[in-house]
Amino acid sequence: MDEGVLRRPVGGKAVMKAQLEQLRVLADSPPHVLQIIPRTIAAYPGSGSPFGLLSFSEGSDVVHVDGFPKGYLLAETADVSTAADAYDLLKASALPLDESAPVIDSLLKECFS
């Protein structure tokens with residue numbers, strides 16, 4: 001998750017506080033994994049076009065790419081492999097799990113204390 005979206009006030013203070021509190025709960029709730037891309041990183045894989053890797057118990061993996069006005073699916077093996085590589089780089093660019101949750105704690109304290 002990009003740190004910038006955690007700092008962008010959308011919906012007013014009450015909504016932002018509730019969203020941060022919910023993210024904080026999820027950060028401590030397996031099987032959820034919450035990692036934050038720090039604002040010091042200008043560009044990272046997926047910053048220009050969000051995507052998700054989808055795996056199924058039957059059939060091949062696919063990639064869902066968000067777009068406007070609608071997203072689309074990629075099923076070619078090369079596309080899925082490229083997305084998996086980008087996802088690995090994305091995770092490596094993010095703060096570790098034990099450093100991501102404290103960022104949310106800090107934002108809650110900074111903005112709502």
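A salt bridge is a side-chain nitrogen of Lys or Arg within 4 Å of a carboxyl oxygen of Asp or Glu. The model discussed here is predicted.

Q: What makes D105 and R24 a salt bridge?
A: The closest N and O atoms of D105 and R24 are 2.6 Å apart. The limit is 4 Å between a nitrogen of Lys or Arg and a carboxyl oxygen of Asp or Glu, and the pair therefore meets the definition. D105 lies in helix α4 and R24 in helix α2 (residues 13-27), so this pair ties together parts that are 81 residues apart in sequence.

Q: Is D105 called buried, partly exposed or exposed, and why?
A: D105 has a relative accessible area of 33%.

Q: With which other residue does R24 form a salt bridge, and how are the two classed by accessibility?
A: R24 also forms a salt bridge with D28, where the closest N and O atoms are 2.6 Å apart. R24 is called buried because its relative accessible area of 19% is under 20%. D28, at 53%, is over 50% and therefore counts as exposed.

Q: How do you know that R7 and E3 meet in a salt bridge?
A: The side chains of R7 and E3 meet at 3.0 Å, N to O, and this value is within 4 Å, so the pair qualifies. Being four residues apart in helix α1 (residues 3-7), R7 and E3 are separated by about one helical turn. R7 is partly exposed at 29%, whereas E3 is buried at 7%.

Q: How many salt bridges does a search of the whole structure find?
A: The search finds six salt bridges.

Q: Why is S100 called buried?
A: The relative accessible area of S100 is 0%, and buried means under 20%; S100 is therefore buried. S100 is found in helix α4 (residues 97-112) and touches L34, Q35, I36 and L95, leaving out residues up to four places away in sequence.

Q: What makes F112 partly exposed?
A: F112 has a relative accessible area of 22%, a value between 20% and 50%, so the term partly exposed applies. F112, also found in helix α4, is in contact with K13, M16, K17, L20 and L107, leaving aside neighbours within four places in sequence. F112 and K17 are 95 residues apart in sequence, yet 7.2 Å apart in space, C-alpha to C-alpha.

Q: How do you know that β1 and strand β2 are paired?
A: Four bridges join β1 to strand β2 (residues 62-65), and the two run antiparallel. Pairing needs at least two bridges, so these strands pair. F51 stands opposite V65 in β2.

Q: Why do β1 and β3 stand at the edges?
A: The open sheet has the order β1-β2-β3, with antiparallel pairing. β1 (51-54) and β3 (72-74) each have a single partner strand, so one side of each is left without a neighbour in the sheet. The twist averages 25° from one strand to the next. Helix α3 (residues 77-93) lies across β1, β2 and β3, at about 115° to β1.

Note on methods:
Residues are numbered from 1 along each chain as its sequence is written. This is a predicted model: local features need pLDDT of at least 70, side-chain atom pairs count only at pLDDT 80 or more; totals for chains, interfaces and linings use all residues. Side-chain values use heavy atoms; hydrogens and water are left out. Buried means under 20% relative accessible area, exposed over 50%, partly exposed in between (1.4 Å probe, protein chains only). Contact means heavy atoms within 4.5 Å. Axes are lines fitted to C-alpha atoms, for helices over the stretch in contact, and angles run from 0 to 180 degrees between N-to-C directions.
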